[in-house]
Every structure is written in structure tokens, then in C-alpha cells.
Amino acid sequence: MEASGKIVSGAVVSAPAPQHFDDPAGDIFAMAAQAGRAFMAGDRPIVAKAPHLLEDLFGGGLPEAGHGAQVTLQRLIEAGEAGALPSGRPEFFGYVVGGAHPVGVAADWLVSAWDQCAAVNDISPVAVAAEQTCQRWLVDLLGLPPQTVMGLTSGCTTANLACLAAARHAQLRRFGWDVNSQGVAGAPPLRVLVGDSTHVSVWRCLRLLGLADQVTVVRADGQGRMDPGHLAELASAGTGGLIVCGQVGSTDCGSVDPLAELARITHEFGGWLHLDGAYGLWAASSPQLRPLLAGVELADSWSCDAHKWLNTPYDCGLAFCADETALRGALAIDAGYLDTPERKGRDPLDFRVEMSQRARAPMLWAVLHHLGRAGVAALVERGCQAARHLARRLDGQDGIRLLTPVVLNQVLIHVGDLRHTRQVVEELNGSGTCWTTPTTWQGIPAIRMSVSNWRTDVGVMDRVAGQILDTHALVGAAGPPTP
Ligand SMILES: Cc1ncc(COP(=O)(O)O)c(C=O)c1O
């Protein structure tokens, strides 16, 4: 077989007859299961082993004749060995990345085998039924208003998009404007008020919705939380529709906006409160942590990711909306070919931006069914406990300073100037022992760690704290690199 001019194992075969289910398929499923299991279960360093091999492994021209399924799969397994970063390890703290729970992975494999298109009920009753159950369970678990509906999305970005489209639709409706037929040009004014820590994905959605020029940033406190006094001032200053975007867990430090205040002010002016709770909304499942989110149920829409703190495999976003009419109104589509006699009741495509998509609900259902109410709460509480433990171990050691209190599962530390910070991150990530990301917090260079993995606990953090302290000391002792 040719790959960039090299001969690798396996014979070239002619393309299999498309109408036959490939008989050796059993072998390829066993190969995938074995390789996948070994990847997940192994104690691998958190590095991509040999990314320089990927060009050869994936490269070359499109084969004229196809290859046997086993040959193809073997090549893919080798590519994964070379270039898949084991971000499911409990010492991975970069971005906000959960580790896939085994039951979710197994369910996801099954869903792939079922090959369901979870757009409409008539072609995937299993996806629709699972989605309805997940909606019921999650609305209850997260304590959202009982009438809340849920759409499954590719991630929190598209969940934000669905929710903000509903917000725009409803707010313009208040002023007699139908955005679906009349568009945005010449529409009544809309004021969009966002916090200082609003995630970039919300900004992207506001751009896509044609609202970027109507946004004002509300002043924030030292933890990046919206100042309700300033919010009230801005909300009362103008006229027209109002959308407020709050944060349940900011990406850098995990802070939560004063949600009850946000809801009171927004609704006083007839506005719509959307909350980005990409990972933080899961804290609502824990009776211990719920008070931190007081008032969360008063919002009009919420976005969240199951692939973050709930630890489903990628990808699974959640768009929740308390106003079904607004969500459906914003996303409504119709076509003759969609109007089949079998279509009845709920069709997932009415609750999200995507039309065709894989059936995420059975996999989401499997993780929720496996963990149960107590398991989800324990997962979230364990992450917070581990984050607090790490912060305690680091704060005040060798010049390291915690920049904000640990509210949920994010730890934000200052270790030195920008050069030192980047060097510490580079050394840590290169060592394979743990993985972090640098950031700048209110002008100060920092390392941020997101504790979002179901396997991270206090014991893991004891090891990680030692690694961070050693690396910080080593980089400090080495001094700046010679030019
Ligand atoms: C607070 C917040 N909102 C939204 C997003 C975007 O989520 P996704 O990458 O699933 O689209 C992220 C991603 O980390 C996030 O942290």
C-alpha cells in the first residue's frame, strides 16, 4: 500500500461490492474495540507520541483502488497511537475538557452502529424517545422550570446560537416585528448586555445573529462577575428589546454572575436572560453547590455541554429554553418532504440549529442512567474538592499566587511573568505528567486549570501539585533562555 511513496503493510484490493455487508467486519469491530479500550485504559503520558508520522500515515493521494477494511482500520489505529493526545487522563486540565466515561463511549459505539439520523421521529424513534427522557431528567436534575424544552447540539456554541436566536425572536416579537420574515435590517432596536468574561462563542453567536453592533459590556468585579448596579443603569437607559447574557462558570476562574439579580433586572425591563453554563450549569445538580447558583432557574434560556463536566464523549451540547414557542419560532423550518404521515409530536430538528445529526441522546441517556442523580452530584463535587485541594497546595508556595478564589472547578494561578508562565506550561505539557493552559487574567499572566474529569480526585492533585511546584522551581532556577 502506498503512503507518501512508502510501502506499508497490507495488500491493495479492489473496492468491495457496495451491496454486501463486508464479512470480515466482525474483525474490524473487534480491532476497534480492542484498540479503543487499550487507549482509554492505559496509563499513557499526556503527549501525542509521534505527530510527525501523521502526514505519512494519512498522506499520499486518494487511493485509486480501495483497501481492505482491516488494512484501513489498522492504519487509523496507528495514526491514533501517533497523534491522539490522551486528554481523557485525570491529569488533563486544559481548556474545559471532560474525560469520556466508558459507558458513554460504549453507548456511542452502539449509536454509530445503529447509524441513526436523529432529525425526525419517523426515522429514529429510539433517538427521539431517549431525547425526551433526557430532557425530563435534566430539567429536573438542574432544577429548571418544568416547561423547559431541550435541544441537543454539537456543543455549547451552537446551544448558545439556538438560545440567542430564540431570545432575538421573542424580543423583536414584543415590538411587533417578525424576524423570520422581516429580517434584521430596520428592526426595532435591541440592546444586548454581556459580562466582561462572556465567552467568545457568545460573541460569535451575536455576530452571526446580526447583533454585534448592539452589544454593551457591563462592568465586572475582581472575579469577572457582572456588576448588577451597572446592569440596571444600562438596562434602564434605553428603549426597545433587551437581551442579557450571563455566565454560570466563567472559563478562566469559574465565577458565577449574581443570577437572581440579573433575572430581576432583566425582567423588570421586559428582557430575556440567557445563561451560558457550558460546564458550570452542572453544579446545579449538587445540593451542596446549588446555593452558588441561586436564581439560575429564573433565566429564560441556558446553554450547557454534556461533553464537559458530565463526561460524555464528544460531542454533546444542550440548549434549554423555558419558552418553547420562542425556540421553535426562531428555528422553525418546513418543507413538503418533511411532512410525512409518521411525523408526530416532537421532532428534534425543531429544537436546534442542526438538521441531520448523530443520535446523541442514547449516549447521554446511558451516562445519566449509569451515574444517576447521586452520581452526577458526586462527580461535580469531587471536581470542586480536587480543585480546592490543588489551590491550597499551591497558593503561597515559592511565589505562586491564587488569582481568584476557587468557586467551582477552575484554578487560576499566577506563577510569574509571561515568559516564566509560558515556560512552566510548556515544560509541564511536554513532560506528559499533566496538561494546563496559559491565560491572561485582568492583565496578569496566569495558568488556568479546569478540573472536569470524572477520575480526578484529591490523590491525583497531590501528585500534580508536586509536579507544578518542581517545574516552577526548575524553570525559575534555569532563568531566561540565552538569546
Ligand atoms: C463558558 C463556555 N461557553 C461556551 C463554550 C463553547 O463550547 P463548545 O466548545 O462546546 O462549543 C466554552 C468552551 O470551553 C465555554 O467554556
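**Close-up views of a predicted model**

**Figure 1. The whole protein, surface first.** The protein exposes about 21000 Å², and carbon and sulfur atoms supply 57% of that (Shrake-Rupley areas with a 1.4 Å probe; for residues, only the protein chains shown count as cover). Keep in mind that this is a predicted model: local features need pLDDT of at least 70, side-chain atom pairs count only at pLDDT 80 or more, and totals for chains, interfaces and linings use all residues. Residues are numbered from 1 along each chain as its sequence is written, and side-chain values use heavy atoms, leaving out hydrogens and water. Of the 483 residues, 51% count as buried (buried is under 20% relative accessible area, exposed over 50%, partly exposed in between, with a 1.4 Å probe and protein chains only).

**Figure 2. The fold in outline.** Here you have 14 helices and 13 strands, which are DSSP runs numbered from the N terminus (helices H or I, at least four residues; strands E, at least two). The C-alpha atoms fill a box of roughly 70 × 70 × 45 Å along the principal axes. A compact globule with 483 residues would have a radius of gyration near 23 Å, and the protein's 24 Å agrees with that (taken over C-alpha atoms; the globule rule is 2.2 Å times the number of residues to the power 0.38). Among contacts with a separation of 6 or more, 75% join residues 24 or more positions apart, where contact means heavy atoms within 4.5 Å.

Figure 3. Rolling a probe the size of a water molecule over the atoms shows where empty space is left. On a 1 Å grid over the protein atoms alone, a pocket is an open set of points with protein on both sides within 12 Å along at least five of seven lines, a cavity is a set where a 1.4 Å probe fits but cannot get out, and lining residues have an atom within 4 Å of a point. Points are joined across faces, edges and corners, and a volume is the space filled by probe spheres set on them. The largest pocket holds about 1200 Å³. Its lining has 33 residues, with G36, F39, M40, V105 and W109 nearest the centre. Helices α1 (25-41), α3 (69-83) and α4 (102-114) each bring at least two lining residues, and α1 has the largest share, seven. By type, the lining splits into 19 nonpolar, nine polar and five charged (nonpolar: Ala, Val, Leu, Ile, Met, Phe, Trp, Tyr, Cys and Pro; charged: Asp, Glu, Lys and Arg; polar: the others, Gly among them).

Figure 4. One cavity of 30 Å³ or more turns up. The largest cavity takes up about 50 Å³, and F39, R44, P45, V47, K49, G80, E81, A84 and P86 line it. That lining comes to five nonpolar, one polar and three charged residues.

Figure 5. G430 sits in helix α13 (residues 418-431). G430 is exposed, at 55% relative accessible area.

Figure 6. Between β8 (301-305) and β9 (317-321) lies the loop with D315, and the peptide bond from Y314 to D315 is cis, with omega near -5°. N311 is also in the loop between β8 and β9. N311 has a positive phi of about 65° without being a glycine, and it counts as buried at 0% relative accessibility. Over in the loop between α4 and α5 (125-141) is D115, another non-glycine with positive phi, near 55°. D115 is exposed, with a relative accessible area of 66%.
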